[in-house]
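Subject: Structure for you to look at

Dear colleague,

I am passing on the structure we spoke about, and I would be glad if you could look through it before reading my notes.

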Amino acid sequence: MAQPNNYGFGEEAALLKESAAKFFREHFPTDKLHALVAADHNPDRPPVCQWDRELWQQLVDLGWTMLAVPESAGGVGMPVAAVAGLVEELGRAAFPCPLLGTLNATYVLVACGAEGTAALADIAAGEAATLALTNRHGDWNPAATEVAYRDGALHGTAWFVQDAAKCDKLLVCASTASGLGLFWLPSDAQGVTLEGDAIVDLTRDQAHVCFDGAAATQVSGNALAALNTALPAIWTLLAADMVGAAEWQLQTTVEYVGTRKQFDRPLGFFQAIKHPLVEVMVQIDAAKSLVYNAACACDTEAEKAAQFAHMAKAAASDMAAYASSRSVQSHGGIGFTWECYVHLYFKRQKHSQMLWGDAGWHRARLADIVIGVAA
Amino acid sequence: MAQPNNYGFGEEAALLKESAAKFFREHFPTDKLHALVAADHNPDRPPVCQWDRELWQQLVDLGWTMLAVPESAGGVGMPVAAVAGLVEELGRAAFPCPLLGTLNATYVLVACGAEGTAALADIAAGEAATLALTNRHGDWNPAATEVAYRDGALHGTAWFVQDAAKCDKLLVCASTASGLGLFWLPSDAQGVTLEGDAIVDLTRDQAHVCFDGAAATQVSGNALAALNTALPAIWTLLAADMVGAAEWQLQTTVEYVGTRKQFDRPLGFFQAIKHPLVEVMVQIDAAKSLVYNAACACDTEAEKAAQFAHMAKAAASDMAAYASSRSVQSHGGIGFTWECYVHLYFKRQKHSQMLWGDAGWHRARLADIVIGVAA
Amino acid sequence: MSDDTARKDTPEQAEFRTYCREWLQANKPGEPPVRLPQSPLEIMTTEQLGYLQAWQKSAYDAGLVGCDYPVEVGGGGRKDCQKIANEEMLAARTPFLPNVIGLGMAAPTVFYHAREEVKAELLPRLFSGEDIWCQGFSEPGAGSDLASVQTFAERRGDTWVVNGHKVWTSLAHFAEWMIILLRTDKSHKYDGLSYFVVPIRAALGKGVTVRPLIKITGETGFNEVIFDNLEVDDRYRLDELGKGWQVAMTTLLHERGAGELQTPRAGGMKNKSSHTISSSAVIELAKNTRRGEGTAADDPILRDKMMQQLIREEGLKQNQRRSRVQALLDHPMRLLLQNKLLASEIAQSLGSLALEVEGMSSSLYLADPNAPARGQWPMAYMNSYGMTIAAGTSEVQRNILGERVLGLPKSK
Amino acid sequence: MSDDTARKDTPEQAEFRTYCREWLQANKPGEPPVRLPQSPLEIMTTEQLGYLQAWQKSAYDAGLVGCDYPVEVGGGGRKDCQKIANEEMLAARTPFLPNVIGLGMAAPTVFYHAREEVKAELLPRLFSGEDIWCQGFSEPGAGSDLASVQTFAERRGDTWVVNGHKVWTSLAHFAEWMIILLRTDKSHKYDGLSYFVVPIRAALGKGVTVRPLIKITGETGFNEVIFDNLEVDDRYRLDELGKGWQVAMTTLLHERGAGELQTPRAGGMKNKSSHTISSSAVIELAKNTRRGEGTAADDPILRDKMMQQLIREEGLKQNQRRSRVQALLDHPMRLLLQNKLLASEIAQSLGSLALEVEGMSSSLYLADPNAPARGQWPMAYMNSYGMTIAAGTSEVQRNILGERVLGLPKSK
């Protein structure tokens, strides 16, 4: 089936994007972010989870955490294209919260069909969740999970779990006697230990989650099928977050080089500064266009969703690396200091580049689809 | 054994490089090259071999074609480092001639030991030669040769033979009953047909050579051993040629952008022009340093020769692509015309990039040496 | 076209779409007798031109070209129908329309700035392709810096006498008319420019000389034009004296697809022999290129590069799609002004990637029977520099984007 | 060292080399009690500094530091022997010398431009490392554009009163002295600059305040220094009034290794824990990083990138070797002026490659027990921006190369 010309990004979506932009502009300007997460600069600082719970609650009350939950399950049932608009604004604000994790869990649960509805109700009720399926090597193939389900309980460790400390529920991929399954349980359940990671990114928390006989509800007996359905949306939304963050990087840097003078000229006069920033813009725009194309495919052209989502995340990862690099370099000495906000986005983008597969990983999979698996 | 600090590039080498530079400057300025090879612009033009035979003869009389022939075989026995200096100047002049092919054949014949001495005598006597060992797919693995030696004669076709129409002798790699062998024969021998290729590069000729029962002298029964010994020097000298050609591209472009005005400024004022040319210089210098390091390894540190030569050719190939691209782009509209000389070097460099393996091919082999073959 | 596109049609458009489809089914020309060039600007022979002119004439007579222009100037008097005709002609894989400069640049400029009687005189034969048009902006001393045009027009009553030298004028050797930027006042850089249309073919030997320029590919196809006391009637001046720069903006805006009027476009037809210039073509090339035991399409590094290329292409395509979705735009020109830069640089990296895929065989050119894809890739790579240089180099495009869109200070 | 190098020694050098070797064998310090920073500029704790100062003192007392300076100023009075000492100290993998700015920038500048009695007063404790030195060039308003320094020195008889604000002053929190560029005349940009050495530690609270600046890595190690009516005796002025710019050139030339005097260098010692920053380290990392069934070192794309990195490193190394082979040089500064640009950009691409090799584990930082290489790679990557920004950004380096070496017109 063909995609609508406008990506299915209609008035409702535009309204949501605007109100999200307004919400973060008013409630979470960058100085607030810096004050919240950058108080302690010590490079040896222990794992920590820093976020604004009240503001998150407002976001929940606005219904934004249940946008992707189908109306049938008590949610809003918004298309991925519309959700991408919201996530783009979230990324622009680099707002530390478990929204992406919750949306990711939502798409997986939806793909689980009937078995997933109870869990979706938790999300519709405002609970935050996150996925736990990666092994210690950061392998994005769910079959590599180190978690096993036996005797009605989970055993083993899931690594690189995003915003774990902010979540009420975990959606775990575990091997079972009959293949890979998906399991739903409270993050503070008996037999679950969250071991926080000490990470570079100041706007997220991350943990490896140890399961030692934790009881859990199975929501799918065919994890691969559910994940393959949901992953394109997951990749696309992360790419949308990176596009929003990069717009912040570009705008902030352009403002700086427009005013900062060297050699009696604003820095932005020099093509050595100007042209790289143009290149940043060009890469942002391509990534952004690919994001909405992928989102629209998730909504209306399932057979193309994976292909287009690989493109979006690959483009976003390379773009984010370049935008981050130029944001620090163009700021010169000041950009190298903790006081200057650019490092917050620099670090968030670095994290996002690797998360859910870096550019090379996505291109390799895209090649298998477009060219066919190599001989 | 360690390399001498100065690459073994002593006074004799410096003298040779200077006299070569002087020779080409006086006898073969670029307008002469253009007049010689660019008279016919027709893109459909048939295969053609255009060169200045008299000037080549002077070069032979100067003894430059026998520089690499050991004194024991009647040659000069100069180190590869010194020969690289000469070849760099040859590349700067883009002089169409079979010198590289003759030097390549020399190194292979030297590696053949006693069996090669008779052939080396031909070269010492001023004959030009070239290697014939590539298959129709341009595979650089000699074992892929399509030429077979049976019943005392060569059969099959060797492809991508460089400057074939300018050579007196061919050094052919052919499969035999007892493995790969090397064979020496006149290029106009009975049963040999040179099929000229219609190529982009105006400064070379290229042919596929068809052997139909051509008698030939075997000069080695272990072609792989001889070639593995000789190839590092072959790669290094081609890289030296590319460095010289790139110096011409840089110098010519710098002169142009220093005078040509746009927006009431010389083009070179603009960092969008200036910085890429600086990058060209930086890449030339790295490639040049790696060339003399590799040459010196061929002379004094055989066990490192392949490794360093891979580096030199890989660096030279990427450098040549960038230098060529900037030479045309920085010249603007005029650089896009046949009348402007830059396209002569653009095309020569494109040809050299692929010849004897492109950058990726050399890096892959370097990785096998440095990292070890991939699992 | 996807039904989805059709769904969005107005009643007029829907009815016109059906008409176009039916007409094309009946009248689309068959396999051309000659090798078609890769674009109108590469037309080299009168055979090629004749075949393509005949096609444009028939499409014009059928009402598929110039649909949105008023009937008085030879147009179809329809509303927003050119895009429909374009979509259907592309879908039907017709030949392209040869009078590309006329339709894309001259027609809108003449339409917005010429006198009524001049429009009526020139536009019908422009739309029909009977008159080929060319453009005279660049000069030896004025490349990227258009405003430094020196070719001078001196007034003698109602006549202008033109002297000077224009370069990179594609199609001039076939052209009846040229849109030209002339200096009418040497004391002001910008306000000293005026815009004219001048006869070429009719004036050959009478004040106009056309000399072919040769590209680095060896192809001809663009020219230098020397004016030696060419006399031009004042009626062929567009807009007021000294307004040449503003008129030129109309031309450039439409050239970049950012103008009011949709440019008539057709194409898609290929000779059996010819190949498209796209990443999918390079993927095909790789599949058919032997590498060691397998093919170039098995090489992980080439696979990665081909995907990078594919992603850049899709990104540009989606930019063009997003440029029509208001809610996903900020600065109105941000995407449009990227088109030329991206298209030309993508073509360049594609060409270079194709040569890497071909390996040593990339040394083989058009006349070589063993050349992959008949040697088109080395030629396409070299021609890509025409794209990154002509009509504002990539460097100038980046200045424009940095200054107009990002609002950074001017670099000049 | 290779025998080859030894072969080239003069008799004095040969004898001195033997002496160095023997002394180092006997006196090279053992495994340090503290984690050593990656470079002197990252010294954070007094423990680190104390250990390193003790080492420099002993090396100085043994005659391995400052060998080529005259005895009168505390040097060894030898000829071309510092390079010998450096080679031997590097070969012996000693700790590095902590007073890096003092030895590399302050010493030659003081030596060529200060009064005799000032040299004798300052240089001995500089060589011994007892006095740490720092540099005060950059200011909030003068980054790449050094000549726009505003920190002002007002003359009051034989005293100068300094007011202003310097930034990016590494080691200032440990420093006894600072070399500083001051404005003594507001009416001339270049000729209004003069060069001084000013006390730091002795003047803390008496006109000098040192505040740590925090890097994006979270590390401290460089500072801002505020001058509030600091009084400096005129004897501490280097060279004539208004010659500050020329004196600064001496400093920068030696900083870039392009100066007359060899900078004393040592190093190579690593904590068992610490890792070198080089492509071989990344190759090791890749071999130890699981990727699917194999390791990251089996990934063809990563292999290609690691080789690109290795080749760039070897290229820089060979540039430095070639820069001493006259017959293979054209412009004398062409290679030297590339060093800083290349070293910093190679470090940056290396860091980014290491993160790609680590994949998701690159999210883990210093305090994480599961972080590969103890989280040094994310830190190294971030620190590489200090290198591409400090002491003339890469953009400025390219201007310098384009203008001084290629002779292109100035971009300012």
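Predicted model: local features only at pLDDT ≥ 70, side-chain atom pairs only at ≥ 80, totals over all residues.

Residues are numbered from 1 along each chain as its sequence is written, and chains are lettered from A and ligands numbered from 1 in the order in which they are written.

Chain A has 11 helices and 10 strands, where helices (H or I, at least four residues) and strands (E, at least two) are DSSP runs numbered from the N terminus. The radius of gyration of chain A, taken over C-alpha atoms, is 20 Å, close to the 21 Å that the globule rule (2.2 Å times the number of residues to the power 0.38) gives for 375 residues, so chain A is as compact as a globular protein of that length. Of those 375 residues, 63% count as buried, meaning that 20 or more other C-beta atoms, placed from the backbone, lie within 10 Å of the residue's own.

Turning to the interfaces, 36 residues from chain A and 39 residues from chain D make up the contact between these two chains, with two residues counted as in contact if their C-beta atoms, placed from the backbone, lie within 7 Å. On the chain A side, H10(A) gives the most, with 5 residues, and that side divides into 15 nonpolar, 14 polar and 7 charged residues; here Ala, Val, Leu, Ile, Met, Phe, Trp, Tyr, Cys and Pro count as nonpolar, Asp, Glu, Lys and Arg as charged, and the others, Gly among them, as polar.

Chain B places 38 residues in contact with 40 residues of chain D. H8(B) gives the most to the side of chain B that touches chain D, with 13 residues, and that side comprises 26 nonpolar, 9 polar and 3 charged residues.

H8(B) packs with helix H9 (residues 300-322) of chain D at an angle of about 75°, their axes lying 8 Å apart; axes are lines fitted to C-alpha atoms, for helices over the stretch in contact, and angles run from 0 to 180 degrees between N-to-C directions. The two helices, H8(B) and H9(D), are therefore roughly perpendicular to each other (65 to 115 degrees). Residues making this contact include Asp285(B) and Tyr292(B) of H8(B), and Arg312(D) and Glu314(D) of H9(D).

With best wishes

Technical notes. Buried ≥ 20, exposed ≤ 12 C-beta atoms within 10 Å, placed from the backbone. Parallel < 35°, antiparallel > 145°, perpendicular 65-115°, else oblique.
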